[in-house]
Amino acid sequence: MSDWPIRQFDTLCDITRGGSPRPIHDFIRPEGIPWVKIADASAAGGRYIERTHDFIKPEGRARSRTVYPGDLILSNSATPGIPMFMGIEACIHDGWLLLRDFKDLDILFCYYLLKHERPRLLSQGNGSVFMNLKTEILKTHKVPLPPLDEQRAIASILGSLDDKIELNRRMNRTLEQMAAAIFKAWFVDFEPVRAKASGAASFPGMPHPVFDALPATFTDSELGPIPEGWEVERLKDAARLTMGQSPKSEFYNTTGDGLPFHQGVTNYGERFPVHKTFCTVQNRLAEPGDILFSVRAPVGRINVADERLIVGRGLAAIRHNHDWQSFMLYGLKHQFAEEDSIGDGTIFTAVTKKDMEGIRIVEPTEAVGIGYERLASAIDQQIGLNDRESRTLAETRDALLPKLLSGDIRVEAAVIQEALA
């Protein structure tokens, strides 16, 4: 990279800080202007923030900073140095920096440059790790900068990998919504049974043998009317429940020795956890396909084990007695759409084994359960395939990024022309 000039960041773009109306709790509302928090970046799962957990009332806009779709922001506190693109109009607090008006710097290349420079930004070369990335630190940060055409070609290579990852992520969300919608129709609203009771000969999307096996009447239960022949069961009777237990920390490592270890939601992904910590003591285990249920705040957050792993005290592993894992997954997701509440809406910061065992499930007859499982498990298998492809793509991207951004791998002229075509 010896032929790349060294440039200071504030000569490449304008850098401004977000703003927070105070006291902020006076402005937070259930709806209004999206209010971007650092947690929204990790929840996004990709390059774009498209939704926020919190909102502020319109009066707060004047005391904050408005961002628009396509804007590039960078976290400067809590978990500093995370670049994100905005996918929505929103307001950012003073824990974010906003980058605009780029000069000699491609905005997508800047995104990858910030990811590459994050360790240097946080340490500034003096060994001190900054937990607050002050505006001045970024402004005076110096980077080697390739020509604009080469920037765009590098960004195109890395961006194409992220585009495919994002496509897979969106596809998986759509697939999950399909499986969840079928579950709700069959097992919450009982639409096929109601259709049969009204004289229908079939139900859209339901195989005829399954529809034929449905009752046409309802019976009373502790959860209200349910189809005749179905039952309300406690989780302890419907599934195998393994409450996590944490071995001593001296057995933990990050070098891959032993099995993956998870004791909370820290490394949860959208569907499967990311394995960063391992343990050499195999205590409480989850098998591939087991549902990982958070039993400490946030109670009810769910992932699925993609391989054999160890569960710590913040998680429980669940497997349906008939291996109806998709049925169990979407049933629990429906019940715990609102985190930290169980059944009657009581808010929990943690739940015990007894609490878990008492979770109530509407259990259908075998023919209906198997019918749903066949449909939903095929969807879940595709979700798993998409996720594995995305992980491979991410590994490729992460391997290429430092080599391309440091100049160790130079983009050939032909590639540049193709990327710019």
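The side chains of R169 and E166 meet in a salt bridge, with 2.7 Å from N to O; the term covers a side-chain nitrogen of Lys or Arg within 4 Å of a carboxyl oxygen of Asp or Glu. Keep in mind that this is a predicted model, where local features need pLDDT of at least 70, side-chain atom pairs count only at pLDDT 80 or more, and totals for chains, interfaces and linings use all residues. Residues are numbered from 1 along each chain as its sequence is written, and side-chain values use heavy atoms, with hydrogens and water left out.

**Salt bridges**

- Side chains of opposite charge can pair when their charged atoms come close.
- Searching the whole structure turns up 31 salt bridges.
- Back to the opening pair: R169 and E166 both sit in helix α4 (residues 148-187), three residues apart, or about one turn of the helix. Helices (H or I, at least four residues) and strands (E, at least two) are DSSP runs, numbered from the N terminus.
- R169 counts as buried because its relative accessibility is 14%, and E166 is buried too, at 15%. Here buried means under 20% relative accessible area, exposed means over 50%, and partly exposed is in between (1.4 Å probe, protein chains only).
- D189 and K184 also meet through their side chains in a salt bridge, at 2.7 Å from N to O. This time D189 is partly exposed at 26% relative accessibility, and K184 is partly exposed at 37%.
- One network, built from salt bridges that share partners, takes in E50, E166, R169, R170, R173 and E270.

**The sheet around β9**

- Strands of a sheet pair through backbone hydrogen bonds, either parallel or antiparallel.
- Five strands make an open sheet in the order β2-β11-β8-β9-β5, with mixed pairing. Its edge strands are β2 (14-17) and β5, each pairing on one side only.
- Two strands count as paired if DSSP finds at least two bridges between them.
- Strand β5 (residues 48-49) runs parallel to β9, joined by two bridges, and Y48 stands opposite F85 in β9.
- Strand β8 (residues 72-75) pairs with β9 in the antiparallel sense over three bridges. Across from L74 is P83 in β9, and across from I73 is M84 in β9.
- In a regular strand the side chains alternate between the two faces of the sheet.
- Strand β9 (residues 83-86) is covered on both faces: P83 and F85 are buried on one side, M84 and M86 on the other.
- S77 is in the loop between β8 and β9. Leaving out residues up to four places away in sequence, S77 touches I38, G95 and M131, where contact means heavy atoms within 4.5 Å.
- The C-alpha atoms of S77 and K134 are 8.5 Å apart, although 57 residues separate the two along the chain.

**Helix packing**

- Two packed helices are described by the angle between their axes and the distance between the axes.
- Helices α2 and α4 pack at about 70°, with axes 8 Å apart. Axes are lines fitted to C-alpha atoms, for helices over the stretch in contact, and angles run from 0 to 180 degrees between N-to-C directions.
- That makes α2 and α4 roughly perpendicular to each other. The cut-offs are under 35 degrees for roughly parallel, over 145 for roughly antiparallel, 65 to 115 for roughly perpendicular, and oblique for the rest.
- On the α2 side, L108, F109, Y111 and Y112 meet Q151, I154, A155, L158, G159 and D162 in α4.

**Nonpolar cores**

- A nonpolar core is a set of buried Ala, Val, Leu, Ile, Met, Phe, Trp, Tyr and Cys residues joined through side-chain atoms within 4.5 Å.
- The largest nonpolar core has 48 residues, of which W186, L235, F293, I318, M356 and Y372 touch the most other members. Helix α4 supplies the largest share of this core, six residues.
- Setting aside neighbours within four places in sequence, Y372 contacts A179, I182, F183, W186, F187, S326, F327 and Y330.
- Another core lies apart from that one, with 30 residues including F85, L145, A153 and L405.
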